[in-house]
Structures are given as structure tokens and as C-alpha cells.
Amino acid sequence: MTDSFIATTSLATADGSRDLPLIGLGTYPMKGQECADAVASAIGVGYRLIDTAAQYGNEDGVGQGIRDSGVDRETLVVTSKLRGSDHGADSVRRGLERSLTTLGLDYLDLYLIHWPNPSQGKYVESFATMLELQSEGLIRSVGTSNFVQEQLAALYDATGVWPAINQIQCSPMLTRTQLRGFMSDRGILTEAWGPLGLREKLPDSPVVQKVAEETGRSVGQVILRWHVQQGIIAIPKSGNPKRQKENADVFDFQLSDGQMERLSGLDRGEDAAWDSRTHEEF
């Protein structure tokens, strides 16, 4: 087992704060033994942040991988997410308990609302219920995923609490600058899903490839360095131990201001990101 070499930021918890790694393991769409092996491998090379969701159908594999890793549970930050069909005050507890049972865990470090699903009109009461579960010790930090400014504000207006973290689609091709600024001003951490921009074919960009050539690093490392250099938590998915270590090995070099600007210049604008005001998942 290797001690984690991954830099951290500070995550607000019910009883203060704790270290949150800036690089974690995404697990979608891996399932079963493939997922378990990937999680155990990632923990073995130093990862301490593992991301899953009820909707992914792989919480059993994630839990098995955690057990197979042999590390102390307290050293890990395990994230799962509330699926759309479990929105609402009466359903959130059942959704959380189902996830905990499937994972084989007593608590989650981070529990996020996966999508706001505004047509249901229940994301505010779901968030309030998650705060109650946090007070019971079943969740250490409560957050959101795929929320935009007005949805985050609705949570605060109702509860007086901002989410600890908001996981959003983010990469140099989807910089989400305005949303990230709004979140930063309110103490909400940004976590990026799809950080490598594979959907957008970001690794094929001549700009990314040129910066990789200039730095002597891989295109993936350059992209992930763009995230962590701005304090954005990134959760790339890989089941390959060599690639897992390469993805996390981004803390011994620096991108210049010019390189950061060139990468951010690839931004396609907010309209290119999935819009949680219209896109819903259950």
C-alpha cells in the first residue's frame, strides 16, 4: 500500500473540516469485479477520494474494492449521490440507507443530490432532509451535482446552508467560469466530472497537445493540472493502475499563465454544458 501523494483542499463537515484530495477516482460506467478491481488498485497507488452514485449501479463494486484495498475506512472520502427517484423528504433516507447497505458502509463522507430535476420540485426538501441525516452522523458533508446558480440559491434561501461542494461538468472546453465564481464566493467547492473532456474530444486538441509537448507531460496530465492549479477537484475514471498513477501525478509541475490561458481559450461556453434546468435523470 502506498501513502497518498495527492494534494488536498479543505472540505466543510458537520464538525469542522477535513482534507479532500484534489484528484479522485470516478467509477462510471464500471461495474462488478471491474469496478472493485479499479477501486482497490486506485487506493493502492494513493487515491483517497472515490466517487460513485446509486444511479451508476456500481456501489456494490465500489464497496468491494474498498474492502479489498485493506486501508482504514477513516482515511477515505467516499461519495455517493441521491438518484432522482429518491427525491423528497420521505424518500431521501431510504435512498441513503440503500446506498450504505450496498456499499457496506456505516456513513458517507459526501452525499450529493445527483440532479436537481426541477420538474419534481423536490430538490430543496431533499437537501433539507440530507442536512438532518448529516446531524445524525450518516453523512459527513452534504453537496450537490449539476446545480446552477439559481438552484444553489434556492437551497440557501430555504435552509440558510450552502452545499459544501457542487460536482459539475467541467474541463478546459467547459470552463464554467461564471458558475465557479458564484460558488467560490459562497464557499462551495467545485468538483469536475468529465474532467478529461473525452466527450468533447479535448485530448485531440492541438492546443492541449502543444502544451503537453512544452511541459514534457501527457495530455491527460496537462488537462488535470489545469483543474488542480485552480483548486478544482477532478475525478477521472480509469481501471488501469499505470494510468491511475499518471492521472494523479500532477503536483510536481506548473503550467504558466500563458499555458493556462491557452487551455481556457478552448471554452465552448455555458450553452455547451448539460443544462440541469432542462436535463433530468431518475
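Begin by selecting Ser205 and Val207 at the start of helix H7, where a side-chain oxygen of Ser205 reaches to within 3.2 Å of the backbone nitrogen of Val207. Keep in mind, as you look, that this is a predicted model.

Next, select the whole of H7, residues 206-215, and colour its buried residues, which are Val208, Val211 and Ala212. Looking down the axis of H7, you will find that these buried residues fall within an arc of 105°, so they line one face of the helix. An α-helix has 3.6 residues a turn, so residues three or four places apart point the same way. Now turn to the face of H7 that points away from the buried side, where the exposed residues Pro206 and Glu213 are carried.

To see what the buried residues of H7 pack against, show helix H8 (219-228) together with helix H10 (257-264).

From here, move to the largest nonpolar core, which has 77 residues, and select Leu20, Ile23, Val39, Tyr47, Leu96, Met130 and Ile139, the ones that touch the most other members. The largest share of this core, 6 residues, comes from helix H1, residues 32-45. Centre the view on Val39 and, leaving aside residues up to four places away in sequence, look for its contacts with Leu25, Thr27, Ile50, Val62, Gly65 and Ile66.

Finally, select residues 23-266, which an unreviewed UniProt entry annotates as "domain: NADP-dependent oxidoreductase". Over this stretch the chain is 43% helix and 15% strand, and its end C-alpha atoms are 22 Å apart.

Notes: Residues numbered from 1 in each chain as written. Predicted model: local features only at pLDDT ≥ 70, side-chain atom pairs only at ≥ 80, totals over all residues. Heavy atoms only, no water. Buried < 20%, exposed > 50% of the residue type's maximum accessible area, 1.4 Å probe, protein only. Helix = DSSP H or I, 4+ residues; strand = E, 2+ residues; numbered from the N terminus. Arc of directions from axis to C-beta. Contact = heavy atoms within 4.5 Å. Polar contact = N/O pair within 3.5 Å; in protein donor to acceptor, adjacent residues only side chain to side chain. Core = buried A, V, L, I, M, F, W, Y, C linked by side-chain atoms within 4.5 Å. UniProt positions renumbered as here; feature names shortened; annotations may be inferred.
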